[in-house]
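Open the model in your viewer and keep the selection tool at hand. The stops below tell you what to pick and what is there.

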There are 2 protein chains.
Amino acid sequence: MTDFYDNRRVLVLGGLGFIGSNLTLKLVDCGAHVTVVDSLAPGLGANWFNVQPVRNRIRVVVSDLRDADRLTALVRSQDVIFSLAGRVSHIASMRDPLIDQDINCRSQLSLLESCRQHNPAARIVFASTRQLYGRPRYLPVDERHPIAPVDVNGVSKRAAEMFFTLYHKVHGLHTVSLRLTNTYGPRMNLCGFGQGFMNVFLNRALTNSRIDIFGTGLQRRDFNYVDDVVDAFLLAGQDDRLDGRIFNLGHADHASLLEVVRLLQRHADVDFRCVPFPADYAAIDVGDYYGDFSRFHEATGWQPKCDLAQGIAATWRFFDQHREWYLESEHDSGVRSVQRIPAASTRD
Amino acid sequence: MTDFYDNRRVLVLGGLGFIGSNLTLKLVDCGAHVTVVDSLAPGLGANWFNVQPVRNRIRVVVSDLRDADRLTALVRSQDVIFSLAGRVSHIASMRDPLIDQDINCRSQLSLLESCRQHNPAARIVFASTRQLYGRPRYLPVDERHPIAPVDVNGVSKRAAEMFFTLYHKVHGLHTVSLRLTNTYGPRMNLCGFGQGFMNVFLNRALTNSRIDIFGTGLQRRDFNYVDDVVDAFLLAGQDDRLDGRIFNLGHADHASLLEVVRLLQRHADVDFRCVPFPADYAAIDVGDYYGDFSRFHEATGWQPKCDLAQGIAATWRFFDQHREWYLESEHDSGVRSVQRIPAASTRD
């Protein structure tokens, strides 16, 4: 699988963020020539330390996706483009809907237009989200499940997905969308809010603070360890048979929030309590969710290799070792990391 | 039905355009205090002559929807808001996708945000489109039909619809969306392109030019006469039971393009021929389409009163009498009409 990327030119949008940086590390390992684009917007998880191991072997461009001219220049001559930049906070999307719309929807259309005009041969993989299903009407949720987003983020992502499919059908671009579920692992953004609960729980465990679980704690989720998600992106980025299609990721084992806390307690002396949902969270909560990823499994053979206990253990080891880089307040993390990261100037 | 609007304050976005102006005339007739907002963008059908009969009884603001501050000021204290401004050309949406996205999707979200913050009690009716269904998988198409837009316009409109539904569910706004099918009648834009074929056929018939039918001419459509569509908007603007819902319009009688030409030939000595689809039209053609409007009928009692022969006769009479205002090139029509329209200064 990974031979494909040897000597390929790959663009990772959002490559200083959680999933983008893990993907970047793997791509470099595979011999790819990686250009990372990241806006370093506060609170979205961009962190120079995320790419520290490959800092001298990648090109990093600090740019906002909304800068369409810059984006156009960057997509030229790339073999594969991974579109992972975006806003992931459901709560923030309700508070600031137009920014969510601009970044998660309009900029994706702008990316597709740039590719159509300047690089129609590229493969483009879009990171979508299970959030667009809204409250599940049945479980596990497959791709035929009705689309009924409960927040602006879900609408924006759904519209972007439709653009990716459309640009394949009408213009023949090589697009594919992956609907991510709860992804966790090393390099995740521990200080962002409204991006699920795993990062909040980890933050609490690392700082020996009490975990507040919203609701009963019995709500169930499926969790993908980031290495499994990276594998899914690598597969999606090399297979023209997936063109124009949309796939769920997911995990056959699902777990309740309480079970997640119990697994964290194997590593940290952390207490918890159940509290009522704050009003703005309650309005967009989806209840139980777990997805059916058999469509992607049948198309590519992909399935998660890491179970939740292993994944939480690996995640804990990483953050326990590197906590200084991840426990700053969300508004400082990007900037402070820039200042502290060892030399290797930003090339553009 | 029309008593509701007596003394109400009503905002019509796109009120100088085809459907918006017909709605405005009817609202004034019902005693409403109407503010029209229109960008007068070339090619979209805005025409001062459209509102000439009520020119001194309405307030007209020339503004682009993308001017969010202006929009915010305008939505305050309105009782009902009709959102009819937008791009309707499927072809143009493919040539200039970001403008389509900005106006048909982002500006609608901006409108909703303005209402949420400054006028949450208003009723807001959104003009959506059957285009978002794509190529019908069954006929007639009801609202449960899969959404598979074949052009950017369809994606933008679908995303906007989802925002309207979402803002009802999460914020309690009084929103409703109507999915329009082929609407025709007096005041339609005869010089725009990519907005269906009826306007092109009418233009040809009025200028004694030959009509080119793309394809066999056997493709079927349902047609709503604009007065019936205006009635649908008036109903949707006064009924809180419709909140958060989406409805098809449509007509029980559908007709082929050839039948439309035959009806036009009752009034005009116009020739026709069938020609192959141009490539960009072929890529987004949806084949036969006619819709099931029983959901809206059951909710409101609405059904079309005007059949195609009557409607084409009335449309012909209007344009035959006022052809000078409608047969200019698309880039001139708005401007020239402004210059020629009798006094009554634009108040803002």
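The tour goes from the pair of chains to their interface and ends at one residue.

**Before you start.** This is a predicted model: local features need pLDDT of at least 70, side-chain atom pairs count only at pLDDT 80 or more, and totals for chains, interfaces and linings use all residues. Residues are numbered from 1 along each chain as its sequence is written, chains are lettered from A and ligands numbered from 1 in the order in which they are written, and side-chain values use heavy atoms, with hydrogens and water left out.

**Stop 1: both chains.** Show chain A and chain B together. A rotation of 180° with 0.0 Å of shift along its axis places chain B on chain A, with an RMSD of 0.0 Å. That is the relation of a two-fold axis. Now select Ala159(B): its C-alpha is the one in chain B nearest the axis, 2.8 Å from it. The superposition is by least squares on the C-alpha atoms of residues with pLDDT of at least 70 in both copies.

**Stop 2: the interface.** Select the residues in contact (heavy atoms within 4.5 Å). Chain B gives 27 residues and chain A gives 27 residues. Of the interface residues of chain B, 100% are also interface residues in chain A, so the copies meet through the same surface.

How much area is buried between chain B and chain A? About 2300 Å², with 72% from carbon and sulfur atoms. Buried area is the accessible area (1.4 Å probe) that two parts lose on being put together, summed over both.

**Stop 3: a salt bridge.** Select Arg106(A) and Asp102(B). Their side chains form a salt bridge at 2.5 Å, N to O. The count between the two chains is 2 salt bridges. The rule asks for a side-chain nitrogen of Lys or Arg within 4 Å of a carboxyl oxygen of Asp or Glu.

**Stop 4: Asn119(B).** Move to the loop between α4 (97–118) and β5 (123–129) of chain B, where Asn119(B) sits. Helices (H or I, at least four residues) and strands (E, at least two) are DSSP runs, numbered from the N terminus.

Is Asn119(B) buried or exposed? Asn119(B) is buried, with a relative accessible area of 9%. Buried means under 20%, exposed over 50%, partly exposed in between (1.4 Å probe, protein chains only). Finish on Gln78(B): its backbone oxygen lies 2.9 Å from a polar atom of the Asn119(B) side chain.

Note on methods. Polar contact = N/O pair within 3.5 Å; in protein donor to acceptor, adjacent residues only side chain to side chain.
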